[in-house]
Amino acid sequence: MALVFIILLLLALCGYQPVSTDTPAALIYELPTPEYETQDTFEVWTVGPLYQMVHSFLDVVQPHDFPIDMIRKIIQKNFDLSVDSKEIAYYEIGVLICVFLGLLFIILMPLVGYFFCLCRCCNKCGGEMHQQQKQNERYRRKCLGSSLLVICLLMSLGIICGFVANHQIRTLTEKTKKLEESNYRDLQTLLAETPKEINYILVQYTTTKKKVFSDLDGIGILLGGRIKDQLRPTVIPVLDEIKAMATVIKETKYALQDMSSTLNSLQNRSTQLVTNLTTVRNNIENSLSSKECASPPANNICDSVKPGLSNLRSNHIQLPSVDRELNTVNNIYKTDLESLVRRGYMRLDKIPDTIQEETAVAISEFKTASDSISSFVMNMTQSVPIDAALSGLSRYLNDGNSYFHKKLPELEEYDSYLWLGSLIVCFLLTLIVTFFYLGLFCGVCGYNKRATPTGRGCMSNTGGIFLMVGVGFSFLFCWIMMILVVLTFVIGVNVEKLLCEPYANKKLLEVLDTPYLLNEKWQFYLSGLILYNPNINLTFDQVYSDCKSGRGVYATFRLENVFNISNNFNINKHTGDIRNKLENLNVNVSSFELLDDAGRKSLEDFAFSGIDAISYSTYLKEAEKPPTQVDLLTFASSLEAKANQLPEGNVKQAWKMDVENIRAIHQHQVLPLQQLLNTLKQRVQTLEHKSDKLLERVNKILQSLDSAQNFITKNISSIVMEETKKFGKIIADYFEHYLQWVIYAITEKMTPCKPLATAMDSAVNGILCHYFADPLNLFWFGTGEATVLLLPAVIIAVKLAKYYRRMDSEDIYDDVETVPMKNLENGSNGYHKDHLYGVHNPVMTSSSRY
């Protein structure tokens with residue numbers, strides 16, 4: 001592992017620096033994340049509860065905390081067995097007690113079995129094939145049988161645990177091989193991804209450069225647009241006001257033209273109306289002076305016409321001309337103020353094009369110079385011997401993989417031995433328990449409560465024999481099984497408590513981080529091994545935690561003490577040059593004129609054109625008058641009615657002709673004249689509205705124009721300079737963001753050492769603990785429990801066999817003897833031994849003894 005750390009040292013490129021939180025839009029970089037196949041956890045969910053049960057037992061047996069100080073003494077070789085033996089005994093007291101009990105079991109069980117066999121052969125210890133019958137025999141038999149069954153069931157659970165552990169041990173080599181190959185492929189992936197990550201970092205500069213070039217090519221829109229936006233709030237309202245006034249001038253011109261034309265038409269039509277009405281009135285007067293109107297009854301009718309004849313005349317319209325004002329406005333309109341305003345808009349809109357044209361040469365030079373950053377990053381990455389580092393690490397990994405596969409047959413052989421030994425133990429226990437089960441089965445099924453001890457059936461007798469065979473095998477093999485249990489217990493519990501648990505809670509790393517522990521001259525071993533400076537605070541715990549979280553090699557191993565990017569990768573130098581070049585762009589946007597003198601003069605002339613001095617009330621008053629003093633249709637109807645009252649004659653015919661003329665005058669002259677008056681009224685109202693406070697409005701526009709022009713003249717240079725600096729900062733921020741990301745990516749993300757932490761977890765937590773220690777602990781826990789239960793099982797089986805086996809002799813119960821003294825003489829329980837009375841047992845005694 002130390003060799004791997006040393007080689008990965010060469011992969012470091014730069015120092016750590018956080019990425020700016022102000023990320024430019026569309027420039028978000030992220031290194032490709034490699035996919036690793038090795039899992040971070042090694043939990044076996046199917047047998048996990050069994051492992052947890054064993055761990056709980058171990059916590060009871062070994063409740064003490066990890067002996068950090070004692071381990072430090074052992075590593076530093078300062079451990080004195082004669083002095084520190086009490087400390088070891090205190091820590092291992094639970095283990096020692098269990099080992100002591102196991103040794104007692106190993107020693108005493110063969111001795112007890114030996115003496116038990118001798119006693120049985122001498123018809124002692126239940127070896128005599130005679131059973132004394134008692135009245136509570138049935139209850140004793142059931143109690144012993146139930147107890148043995150319960151013990152056998154508990155032993156079966158332990159044996160099952162042993163078989164499960166044996167299966168896990170059997171797959172130890174296979175799982176170790178898969179895990180090693182998985183870690184090997186992950187490390188190969190790490191090596192293969194490192195060059196890709198470097199290439200990705202270089203490629204991202206191309207992305208950044210494209211974004212920068214895109215903004216530079218659009219400098220007219222970006223920078224010019226910003227300058228235009230700064231001027232727009234001041235310029236546009238003024239131009240809009242002037243444009244609106246130009247529209248007013250145009251509309252006034254057309255309104256004056258219409259008004260002048262209307263006045264001329266009114267004058268002509270009014271004169272014609274006066275002439276026609278005079279002619280009609282003279283005709284009527286001539287008719288009234290004729291002889292027919294002098295004689296009755298016509299005289300009365302003619303006299304009634306005379307009073308209203310004087311009203312048959314027009315209201316002569318006398319309105320002043322507007323030709324002078326029209327000529328003035330026409331001269332103003334010839335200036336084409338709208339065209340002058342459009343030029344103002346065009347000058348403002350032309351700013352982006354001006355910026356684009358004036359910065360073309362400088363932008364081209366900047367694009368050429370920007371490639372220096374790419375060359376700098378590339379030269380920096382090439383300055384590190386990555387190829388040699390990768391080849392060295394790859395060679396180390398290949399050698400390690402070859403060595404593992406070379407030693408794999410030996411591991412498989414040892415695994416086979418361990419599996420075979422544990423399998424034999426499990427089968428022996430299974431054999432013993434099987435004899436007990438068979439004994440219980442045959443004994444219970446073949447037992448006849450009416451049969452006497454000497455008359456028991458063959459099946460019942462076979463059950464008793466099976467029980468005794470199980471007892472014999474127990475004495476014969478239990479001590480051997482206990483030896484294997486004690487050995488695996490000592491190994492398993494110490495591996496779990498001294499390696500697995502402290503590795504999981506990082507106390508083992510805390511021991512390794514003890515100053516001057518692994519090397520008495522080095523304060524920190526890792527920094528001395530990797531950085532060649534033992535005074536740098538680089539600990540196993542910190543390295544493991546950083547690698548576990550996927551941090552890069554540079555930050556994990558604090559390689560800034562070897563190669564500091566702050567001194568070799570000056571971001572401000574590059575971004576500062578970029579910013580200075582862009583801020584010093586020669587952008588000349590000269591002050592432009594919103595409106596020239598001709599346009600200004602046209603506004604002033606319009607203000608003094610006199611349209612606001614026109615007596616609009618006079619025009620409106622005249623326009624309200626009717627064209628005639630009397631309603632011609634009413635007059636014609638009255639005249640027609642009176643003409644109808646006249647007798648036939650010249651007057652009557654003349655008046656009817658006059659009625660027709662009057663109606664024709666009304667239709668063809670009065671109505672058009674009235675329409676012209678209405679049109680005049682509208683034109684007058686329009687002009688009155690347009691001319692309202694004209695001078696004040698024009699003066700306000702001129703003041704706004706002067707203010708806006710002064711703002712442009714005084715501030716356009718500062719606006720251009722300020723916006724140019726902002727634009728330069730934006731472009732520089734692109735490069736600065738990229739360079740900061742390069743530092744962050746190389747230090748924090750590139751070459752993540754997570755596969756190293758995973759490999760360490762695989763070696764310790766996976767192979768040593770989950771694949772070896774946990775099955776080993778489960779094995780001794782299950783087989784040890786079954787072996788220990790052999791002791792009560794043997795005792796109960798021996799006692800229970802008496803109730804199933806066929807006896808050579810038996811007690812005979814005398815039903816006739818009811819006298820207490822007689823019973824007392826023959827025995828306290830009412831039975832007497834038939835051999836005491838010379839009565840021989842009719843059943844053949846068995847020659848075998850157990």
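The model is predicted, with local features needing pLDDT of at least 70 and side-chain atom pairs counting only at pLDDT 80 or more, while totals for chains, interfaces and linings use all residues. Residues are numbered from 1 along each chain as its sequence is written, and side-chain values use heavy atoms, with hydrogens and water left out.

The secondary structure of the protein chain comprises 29 helices and three strands, where helices (H or I, at least four residues) and strands (E, at least two) are DSSP runs numbered from the N terminus. Of the 850 residues in the chain, 46% are buried, a class that requires under 20% relative accessible area, whereas exposed means over 50% and partly exposed lies in between, with a 1.4 Å probe and protein chains only. Among contacts (heavy atoms within 4.5 Å) between residues at least 6 apart in sequence, 88% join residues at least 24 apart.

A nonpolar core is a set of buried Ala, Val, Leu, Ile, Met, Phe, Trp, Tyr and Cys residues joined through side-chain atoms within 4.5 Å. The largest such core has 106 residues, and those with the most contacts inside it are I201, L231, I284, L312, L337, W655 and I731. Helix α8 (residues 219-288) supplies the largest share of this core, 23 residues. Apart from this core lies another of 55 residues, including Y51, V61, F781 and A793. Leaving out residues up to four places away in sequence, I201 touches L31, Y738, W741, V742, A745, I746 and M750.

Two helices pack against α25 (residues 650-690), namely α24 (residues 632-645) and α23 (residues 616-624). Axes are lines fitted to C-alpha atoms, for helices over the stretch in contact, and angles run from 0 to 180 degrees between N-to-C directions.

| Helix pair | Axes come within | Crossing angle | Residue classes in contact |
|---|---|---|---|
| α24 and α25 | 9 Å | roughly 165° | 11 nonpolar, three polar, six charged |
| α23 and α25 | 9 Å | roughly 160° | seven nonpolar, one polar, four charged |

In these classes Ala, Val, Leu, Ile, Met, Phe, Trp, Tyr, Cys and Pro count as nonpolar, Asp, Glu, Lys and Arg as charged, and the others, Gly among them, as polar. Helices α24 and α25 are therefore roughly antiparallel to each other, and α23 and α25 are likewise roughly antiparallel, a term for angles over 145 degrees. The contact of α24 with α25 includes L632, F635 and L639 of α24 and W655, V659 and I662 of α25. For α23 and α25, the contacting residues include Y616, Y619 and L620 of α23 and L677, V684 and L687 of α25.

N401 lies in helix α14 (residues 386-446) and counts as buried because its relative accessibility is 15%; leaving aside neighbours within four places in sequence, N401 is in contact with E180 and Y184. T758, in helix α27 (residues 754-788), also counts as buried, at 6% relative accessibility, and, not counting residues up to four places away in sequence, T758 touches T38, Q39, D40 and N183. L104 belongs to helix α5 (residues 93-121) and counts as partly exposed at 31% relative accessibility. L104 and W479 are 375 residues apart in sequence, yet 9.7 Å apart in space, C-alpha to C-alpha.

Definitions and conventions. Angles under 35 degrees count as roughly parallel, over 145 as roughly antiparallel, 65 to 115 as roughly perpendicular and the rest as oblique.
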